[in-house]
Amino acid sequence: MTGTSPARELDIIVYGASGFVGKLLADYLVKHAPEGTKIGLGGRSLEKLAATRADLGTAAADLPLIIADDATALKALAQRTRVVATTVGPYAKYGHALVHECASAGTHYVDLTGEVLFHRESIDANHALAVSTGAKIVHSCGFDSIPSDLGVHVLHEKVAADGAGELTDTTLVVTALRGGVSGGTIDSLRNQIDVSKDDARLRKLAASPYSLSPDRDREPELGRQSDVSVVDGKKIDPSLKGWKAPFVMASYNTRVVRRSNALREWAYGKKFKYSEVMSVGSSVVSPVIAGGVAVGLGALVAGLALPPTRFLLDKVLPAPGEGPSESTQKKGHFTLDVFTTTTTGARYTSRVKAKGDPGYSATAVMLGESALSLAKDQKALPPATGVLTPATALGDVLVERLRAAGFEISARKL
C-alpha cells in the first residue's frame with residue numbers, strides 16, 4: 001500500500017515538531033491546512049512534543065503525538081501517514097533512516113536539506129526503491145531550493161508556451177534579501193566539512209557541478225557563461241545593475257536546478273547553463289562589499305575546517321534550534337530574479353518574491369505547501385516518482401499553492 005492511499009491514518013506527520021522550524025511548520029499547517037487534514041506531531045521526546053502541541057492552541061489539542069527514536073519506530077511512523085515532512089537536520093546525521101523507511105513504505109517525503117552529500121546518497125539508496133513503491137521523495141523544500149527550482153520552472157514554461165526555443169545562459173540574481181542565518185544551516189555545513197575533509201572522493205563529489213545528476217555523461221560542459229546583464233552594450237533590466245557577489249546558497253541550489261533539467265530529459269535545453277549571484281548595489285562601496293562577501297564565505301568554510309578557529313566560530317554562530325523572534329521574522333523578505341537567453345535569441349525573466357524571513361517563516365510556508373501538495377493534490381501532480389526535486393515532483397501545483405499563500409511567482413518576455 002502506498003502513501004497515496006486514503007487508508008493511511010494520517011495525512012501529514014511533522015517530524016521534528018518540537019524544534020524551532022518544526023514548530024513554525026506545525027503552526028502553519030494547523031492554521032492553513034484544509035479542514036479535515038489529519039496532522040500528527042513526531043519527534044524523539046514526548047515531553048517536548050506535548051509542550052509544542054500545547055503552544056499551538058486549542059485547534060491542535062487533539063493532534064496525535066508520535067515518538068520515533070529508533071529504526072523500528074521510524075518504520076511504523078512512515079507506514080502511518082501519507083506524507084512525512086521532516087525538519088530534523090543535519091540530514092546526513094539524522095535523516096537517512098527516515099527517508100529510507102518512507103521510500104520503502106511508499107510514503108511521500110519532504111525536507112529542508114541543503115546538503116549535497118546527503119542528497120546524493122539518498123538518490124543512490126532510495127531512487128529505484130521509491131519508484132517501485134510510488135513514493136515521491138522531495139528534498140530541499142525550503143529557501144533551499146524552491147525559489148531557484150520554481151523560478152527556472154516557470155521561466156521554462158513561459159519560453160516553451162511562446163515557442164521561443166530552449167534556455168541557454170541562465171542566471172538567478174538575489175535582488176533583495178532580509179533574514180537571519182539558520183543555526184541548522186551552519187550545522188549542516190559543519191557536518192559536510194567533517195565527513196569530506198579526509199575523503200578525497202567525497203570532496204570531489206561535493207565540488208562537482210553535476211553531483212546530483214542521474215547521468216553525468218549526458219550533461220553539457222559548463223564552460224563560461226555570457227554576461228546576462230548586457231545586450232548590445234546596454235543593461236536590459238534594473239535588477240541587473242550594479243555589482244554582484246557570490247550567493248551563499250548557489251553551490252547547492254544550482255545542482256538541484258540542474259537535476260531538474262536532467263530528470264526532465266534536459267527539457268530546459270542541452271545548452272542550459274545555470275548560476276546564481278547576489279546584487280550588492282551600485283554605490284562606491286559596492287565593489288568592496290562584493291569582494292568582502294567572496295572572502296568571507298571562503299573564510300567561513302576554512303574556519304570551520306580548522307579546530308582552533310572552529311572553536312571560536314562555534315561561540316558566535318547560531319546553534320541548531322535557535323532562530324529569530326517573531327517580529328524579526330515578519331520583517332524578512334526576499335526577491336529573486338532569473339534571467340535567460342533562449343536558443344532563438346529571445347530574453348526572458350522570472351521572479352520569485354515573498355514576505356517573511358527566508359529561512360524561517362517563508363520556509364515554513366514553502367515546506368508546508370509542499371507537504372499539502374502531496375497530501376491533497378495527488379491527481380494533479382506530475383506523475384514522476386523516486387528521489388525528485390520540487391519542480392519535478394510538485395511543479396505547477398506548488399506554484400499555485402504558493403501564489404495563493406502570497407508569493408509572487410511570475411515570468412515574462414523582456
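## The six-stranded sheet

Let's start with the open sheet, where six strands line up in the order β10-β11-β7-β12-β13-β15 with mixed pairing. Its edges are β10 (244-246) and β15 (408-413); each of these has a single partner strand, so one side of each is left without a neighbour in the sheet. From one strand to the next, the twist averages 25°. Bear in mind as you look around that this is a predicted model.

Inside the sheet, strand β12 (residues 333-342) and strand β13 (residues 347-355) run antiparallel and are joined by nine bridges. To find your place along this pairing, look for Leu336, whose bridge partner in β13 is Val352. Helix α7 (residues 146-162) packs on the sheet, where it touches β7 (167-178), β11 (273-279), β12, β13 and β15. The direction of α7 makes about 145° with that of β13.

Now turn to strand β1 (residues 10-15). Is this strand enclosed or open to the outside? Six of its six residues are buried, meaning under 20% relative accessible area, so β1 is largely enclosed by the rest of the structure.

β1 pairs in the parallel sense with strand β4 (residues 81-86) over five bridges, and Leu10 stands opposite Thr81 in β4. β1 also pairs with strand β2 (residues 39-43), again in the parallel sense, over four bridges; here Ile12 stands opposite Ile39 in β2. Together with helix α1 (residues 20-32), β1 and β2 make a right-handed β-α-β unit.

## Helix α6 and its kink

Helix α6 (residues 116-133) deserves a look of its own. How far apart are its end C-alpha atoms? They are 24 Å apart, which agrees with the 26 Å that its 18 residues should span at 1.5 Å a residue. Along the way α6 has a kink of about 50°, centred on Asn126.

Asn126 is also one of the buried residues of α6. Just after α6 comes Gly134, which takes a positive phi of about 85°.

Definitions and conventions
Residues numbered from 1 in each chain as written. Predicted model: local features only at pLDDT ≥ 70, side-chain atom pairs only at ≥ 80, totals over all residues. Heavy atoms only, no water. Helix = DSSP H or I, 4+ residues; strand = E, 2+ residues; numbered from the N terminus. Expected span 1.5 Å × (residues − 1). Bend = angle between axes of the 7 residues up to and from the residue. Buried < 20%, exposed > 50% of the residue type's maximum accessible area, 1.4 Å probe, protein only. Pairing = 2+ DSSP bridges. Right-handed = clockwise from strand over helix to strand, strands pointing away. Axes fitted to C-alpha atoms, helices over the stretch in contact; angles between N-to-C directions. Contact = heavy atoms within 4.5 Å.
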